[in-house]
Amino acid sequence: MALVRSLLGAKKILGRSVTAASTSKRTTSAAPKGFLAVYVGESQKKRYVVPISYLSQPSFQALLSKSEEEFGFDHPMGGLTIPCSEDIFITVTSRFQ
């Protein structure tokens, strides 16, 4: 039950971010079906395209929660921005494979 609740929370965050991004003036290329684009980095943001299966990972959900706390649903890059260093992001996501 907790997994379902956290997945729904992640989808809610993601859905709002996608809606905000689609209304953004900044043009971004779409991620392939089954993937989502995120921007990661502290001063300079780098775009990563990750599988949507990451949404079921508790550590990725924690990154999404951090993103929501910092940016709400107004992401400066026009897409989902995760406020952590690239090294942390790579370390966290490399555990999913």
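Which residues do ring pairs link into a cluster? In this predicted model, local features require pLDDT of at least 70 and side-chain atom pairs count only at pLDDT 80 or more, while totals for chains, interfaces and linings use all residues. Residues are numbered from 1 along each chain as its sequence is written, and side-chain values use heavy atoms, with hydrogens and water left out.

The cluster consists of Y54, F60 and F96, linked by ring pairs. Rings of Phe, Tyr and Trp (its six-membered ring) are taken to pair if their centres lie within 6.5 Å; planes under 30 degrees apart count as stacked, over 60 as edge-to-face and the rest as tilted. Three aromatic pairs are present in the structure. The ring centres of Y54 and F60 are 5.8 Å apart and their planes stand at 65°, so this pair is edge-to-face. Y54 also forms an edge-to-face pair with F96, at 4.7 Å centre to centre and 75° between the planes. This second pair links distant parts of the chain, since Y54 lies in the loop between strand 2 and helix 2 and F96 in the segment after helix 3, 42 residues apart. Helices (H or I, at least four residues) and strands (E, at least two) are DSSP runs, numbered from the N terminus. Both Y54 and F60 are buried, and F96 is buried as well; buried means under 20% relative accessible area, exposed over 50%, and partly exposed in between (1.4 Å probe, protein chains only).

The strands form an open sheet of three, in the order 2-1-3 with mixed pairing. Strand 2 and strand 3 are the edge strands, each pairing on one side only. Two strands are considered paired if DSSP finds at least two bridges between them. Neighbouring strands are turned by 40° against each other on average, direction ignored. Strands 1 and 2 pair in the antiparallel sense over six bridges, and F35 stands opposite P51 in strand 2.

Helix 2 lies across strands 1, 2 and 3 and runs at about 100° to strand 3. Helix 3 lies across strands 1, 2 and 3, running at about 10° to strand 2. Axes are lines fitted to C-alpha atoms, for helices over the stretch in contact, and angles run from 0 to 180 degrees between N-to-C directions.

Conventions: Contact = heavy atoms within 4.5 Å.
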